[in-house]
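Student: Could you help me learn to read a protein model? I would like to go through it feature by feature.

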Amino acid sequence: MVRTRERVAIVGAGPAGAFAAACLFRARGDAEIDLFERLPTPWGLLRGGVAPDHQEIKRLEDTFDRQTLQRGCRFLGNVEVGTDISHAELMRHYTAVVYATGAQTDKSLGIPGEDLPGSWPATEFVAWYNGHPDYRGVEFDLSAERAVVIGNGNVAADVTRMLTLSAHELERTDVADHALEALRESRIEEVIVLGRRGPAQAAFTSAELRELGRLDGVDTRVDPADVELDPASRRWLAEEGTFTARKNVELLREFAATPARPDARRRIELRFLRSPVEIRGSGRVEALDVRRNEIVRAGDGSLRARPVDGDLETIECGLVLRSVGYRAVPLPDVPFDERHFVLPNERGRVLTPAGEPLPGVYAVGWIKRGPTGILGTNKRDAEETVSCLAEDLRAGALPQPPNPGREQIDALLAERKPDLVTVEGWRAIDGHELERGRSEQRPRVKLASRDELLAAAAAPAPS
Ligand code: NAP
């Protein structure tokens with residue numbers, strides 16, 4: 001009997017999906033891979049998350065392109081799985097389906113005033129300045145003098161930089177044109193970044209924290225009292241502290257010891273052991289009330305923030321960016337772990353509610369492990385999932401789907417998605433954006449609305 005080539009659908013063309021496709025080619029050179037993507041463009045958070053001033057990271061897209069699309073992996077963009085095509089339909093056409101859909105929404109703070117105009121999830125600010133087409137029409141009011149960023153992770157670091165970089169610095173990046181225009185007019189002079197725990201528990205990676213202290217024309221301040229570690233943190237740092245935590249504390253001590261720069265264009269102030277309790281304002285954000293915390297060791301050994309009795313502090317501000325983490329959303333007809341906001345899985349094999357592997361269904365990236373780790377973390381993660389998939393294929397554990405032919409899925413998509421964006425469409429978009437970038441001495445000028453993207457995808461690529 002002639003063995004048919006295995007056909008695998010990867011849902012989500014972000015870093016996790018791209019690493020999974022590259023890994024699958026290495027493990028099963030003859031597999032046919034279709035990369036489904038909701039947007040007309042591939043590479044997910046590499047395009048729509050990584051900050052525009054981090055162009056060196058964005059170069060990873062060349063590697064993704066070489067290791068996936070140039071090897072024959074098909075790009076099926078502008079197709080939303082769960083809406084345009086169901087999970088059951090995918091299972092009828094593919095031997096295996098790998099979900100790489102990431103974490104599409106934000107965690108909420110659960111405090112009064114969180115939804116006042118002027119209070120935004122940082123994830124939406126990120127999507128807006130990166131030209132995500134769903135955020136093209138959003139308007140951020142940057143007319144106040146002070147903004148507050150809540151959270152101490154790398155997204156908080158990214159949005160803080162974006163609020164403080166000069167127009168000249170932004171003009172050299174691929175920041176979306178609408179964001180560039182708004183940021184040029186920004187009147188924000190000070191960004192206060194609040195960590196609910198202390199300097200030793202900050203989630204920044206050290207390179208990102210160091211960068212905050214080296215911004216041109218920006219005075220980055222830390223109150224020396226804030227870098228005095230409490231006894232529990234001091235002991236933790238000495239006995240169990242990670243390299244990153246030690247480095248972060250060292251950097252924050254340096255920031256605290258640096259003399260103020262009254263001539264600076266803008267200021268960043270990093271404050272610790274502060275939690276927001278209410279966002280206030282009549283009709284829009286005018287102030288944020290914060291309480292002080294102390295660090296206590298919880299029963300499970302972790303160091304937690306506990307409120308300290310005392311007066312609340314009020315910070316007047318006109319913009320609040322809540323940067324407290326991403327959160328995954330359930331996918332129609334696929335099991336979901338509502339406690340951990342992931343697809344229930346064992347090493348990437350998705351499990352039924354009874355805890356049995358769901359044959360042919362896999363997960364990779366943030367939908368598998370939660371929104372943690374840097375881009376490179378997805379490589380190891382993809383290797384684990386793909387090794388399970390390859391093992392199941394070798395063992396003959398995955399039944400042949402009823403409609404295995406490529407032409408069968410193509411016929412279905414042609415009927416449902418006349419504006420499907422294939423690799424040729426993406427190359428046309430890419431060529432168009434790069435060409436405009438060249439003429440403006442920028443890395444690329446992004447098309448930031450779905451209509452513009454689809455129109456460019458339909459036009460021949462510039463030669
Ligand atoms: P994150 O690293 O998980 O940081 C979330 C921050 O929010 C933490 O400081 C956390 O404090 C705080 N937080 C959570 N709930 C809170 C609450 N109720 N009140 C106040 N603070 C709260 O998440 P992220 O910044 O969204 O980043 C997601 C992942 O992407 C991370 O792994 C990050 O490293 C990665 N990323 C990397 C880069 C880069 O490499 N340049 C850039 C962007 C993102 P606690 O620690 O106390 O919970």
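Predicted model: local features only at pLDDT ≥ 70, side-chain atom pairs only at ≥ 80, totals over all residues.

Student: How many residues surround the ligand?

Tutor: A residue is near a molecule if one of its heavy atoms lies within 4 Å of it. Here 21 residues surround the ligand, and the closest are Asn154, Arg196, Arg197, Glu208 and Gly373. Helix α7 (residues 154-164) gives the most to this shell, with three residues; helices are DSSP runs of H or I with at least four residues, strands are runs of E with at least two, and both are numbered from the N terminus.

Student: Which polar side-chain atom lies 2.8 Å from an oxygen atom of the ligand?

Tutor: A polar contact is a pair of N or O atoms within 3.5 Å. The side-chain atom in question belongs to Arg197. A backbone N or O atom of Asn152 lies 3.0 Å from a ligand oxygen atom, and a backbone N or O atom of Val155 also lies 3.0 Å from an oxygen atom of the ligand.

Student: What about the nonpolar cores?

Tutor: In soluble globular proteins, nonpolar side chains tend to be buried together. A nonpolar core is a set of buried Ala, Val, Leu, Ile, Met, Phe, Trp, Tyr and Cys residues joined through side-chain atoms within 4.5 Å. Buried means under 20% relative accessible area, exposed over 50%, and partly exposed in between (1.4 Å probe, protein chains only). The largest core has 44 residues, of which Phe125, Tyr129, Leu163, Leu270 and Leu321 touch the most other members. A second, separate core of 40 residues includes Ala21, Val50, Leu389 and Val421.

Student: Is Gln201 buried or exposed?

Tutor: Gln201 counts as buried because its relative accessibility is 12%. Gln201 lies in the loop between β8 (190-194) and α10 (206-212). Leaving aside neighbours within four places in sequence, Gln201 is in contact (heavy atoms within 4.5 Å) with Ser233, Ile295 and Leu303.

How values were computed
Residues numbered from 1 in each chain as written. Heavy atoms only, no water. Polar contact = N/O pair within 3.5 Å; in protein donor to acceptor, adjacent residues only side chain to side chain.
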